[in-house]
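Biologist: Could you take me through how the helices pack here, and then how the chains meet?
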Amino acid sequence: MDPQRLRATIRAARAGREEAYQEILAAFGPRLYGYFVRATGSRHDAEDLLGEVMLRLVGRLPEYDEKGRFEQWVFRIASNLVRDRIRRAKVRPMTSSLEAESPGGGVLGETICGRGRPAEAGLRHEEVSQALNEALERLDEPSRQMVLLRHFAEMSFREIAEIFQCPIGTVLAKVHRALKALRTVLEANDESDAGRL
Amino acid sequence: MNPMQEDYERAGRWLDGEEIDLTPTQLALAGEIAADAAKVGRALEVPLPGGALHRVSARLKRARRRGRARPMRWVAAAAAAAVVGVGLLALLTGGRNRIEPAEYVEWFLQSPSGELDARAALLADELAEYQVQLTLGEEWPVEVTVKGLEQQLGEFILEEADPAEPSAWEQWEESL
């Protein structure tokens, strides 16, 4: 959404127009959902949190001063929700099962059996996704959040540094190490793919 | 490559878009981070399941409807409380004053307890008049009449009295 349209949408939402909230949901929903899935490891929690963040948005939109970036503001709310959810849950459910919903929205078992995406590709995608979730789980919480906020919220390193109240250098060092760990996992999966062929 | 804190600091600012000069180490560091971010970023993407936006949207609509209805419920409750309050106030102050004394007497006489009290008062008056006549010695079968009146009055009081308690008439008789 271009900045001018976004400003108009925010004003309309503040005026209480239903369609403006729907437009915000359509514009930011997919990225917020991806962020929640990777932050909690649960697609069910991700959808619940997406609803939750939209409800918070309705209540807190009058506080938004339009000086900062809207995305950053929304993702700050989202990251607070994730932090609260993790604190409450204590245990992050990062495992998937065949009964679990696949990233495509279908049941994973059905995907493998060929009713969703082609069985082999679906299974492969799930394996990589699962491996990535496990690698994310092994990261410390700030590093994981920094990587996810950088990717999904498109935050600058300075903005991330403000959130975590630390120097940019520290943020970049953590992101660098985290990305290296995740890349290693992906490369290992690529190699196992090459081995199968 | 063994970057220091300052290398990270400058590489970070450069990646944020600041136009600063980087050393070869810093440039290599920034390049590596950007490449890793691109590769990992592609793998991090999660497609939104079909129907998810629709479900969230429906939840949002429901919540907003409830949010709009809540203040209306408070307004309705406040209005009802105000009506009851004004009614009570009118009853306790203005309402009572608007009744004229004559109307009140009429209402009192029409009420069951008012009728009974009026009958009792009439009998008592008649009794007092007969007692005066008896004292003055007029030729009139006063005694019989007085006794009859006393009996009527006694029966009347006994009808209204609590059987467990001694009647006012009995108490009066005992006091004589």
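Modeller: Before the numbers, a word on terms: an axis here is a line fitted to C-alpha atoms, for helices over the stretch in contact, and angles run from 0 to 180 degrees between N-to-C directions. Please keep in mind that this is a predicted model.

Biologist: OK, at what angle do α1(A) and α2(A) cross?
Modeller: The axes of helix α1 (residues 3–14) of chain A and helix α2 (residues 18–40) of chain A cross at roughly 135° and come within 8 Å, which means that α1(A) is oblique to α2(A). The crossing of these two, α1(A) and α2(A), is left-handed.

Biologist: And which residues meet there, between α1(A) and α2(A)?
Modeller: From α1(A), Arg5(A), Leu6(A), Thr9(A), Ala12(A) and Ala13(A) meet Ala20(A), Tyr21(A), Glu23(A), Ile24(A) and Phe28(A) of α2(A). By class, the residues of this contact are seven nonpolar, one polar and two charged.

Biologist: What about α2(A) and α7(A), how do their axes run?
Modeller: The axes of α2(A) and helix α7 (residues 141–152) of chain A come within 10 Å and cross at roughly 165°, so α2(A) is roughly antiparallel to α7(A). The crossing of α2(A) and α7(A) is right-handed.

Biologist: Switching topic: how much area do chain B and chain A bury between them?
Modeller: Chain B and chain A bury about 3,800 Å² between them, with 65% of it on carbon and sulfur atoms, and the contact takes 49 residues from chain A and 35 residues from chain B.

Biologist: How many salt bridges are there between chain B and chain A?
Modeller: The count is six; Arg158(A) and Glu18(B) meet through their side chains in a salt bridge, at 3.2 Å from N to O.

Note on methods: Residues numbered from 1 in each chain as written. Chains lettered and ligands numbered in written order. Predicted model: local features only at pLDDT ≥ 70, side-chain atom pairs only at ≥ 80, totals over all residues. Heavy atoms only, no water. Helix = DSSP H or I, 4+ residues; strand = E, 2+ residues; numbered from the N terminus. Parallel < 35°, antiparallel > 145°, perpendicular 65-115°, else oblique. Left-handed = near helix turned anticlockwise from the far one by under 90°. Contact = heavy atoms within 4.5 Å. Nonpolar A, V, L, I, M, F, W, Y, C, P; charged D, E, K, R; others polar. Buried area = accessible area lost by both parts, 1.4 Å probe. Salt bridge = Lys/Arg side-chain N within 4 Å of Asp/Glu carboxyl O.
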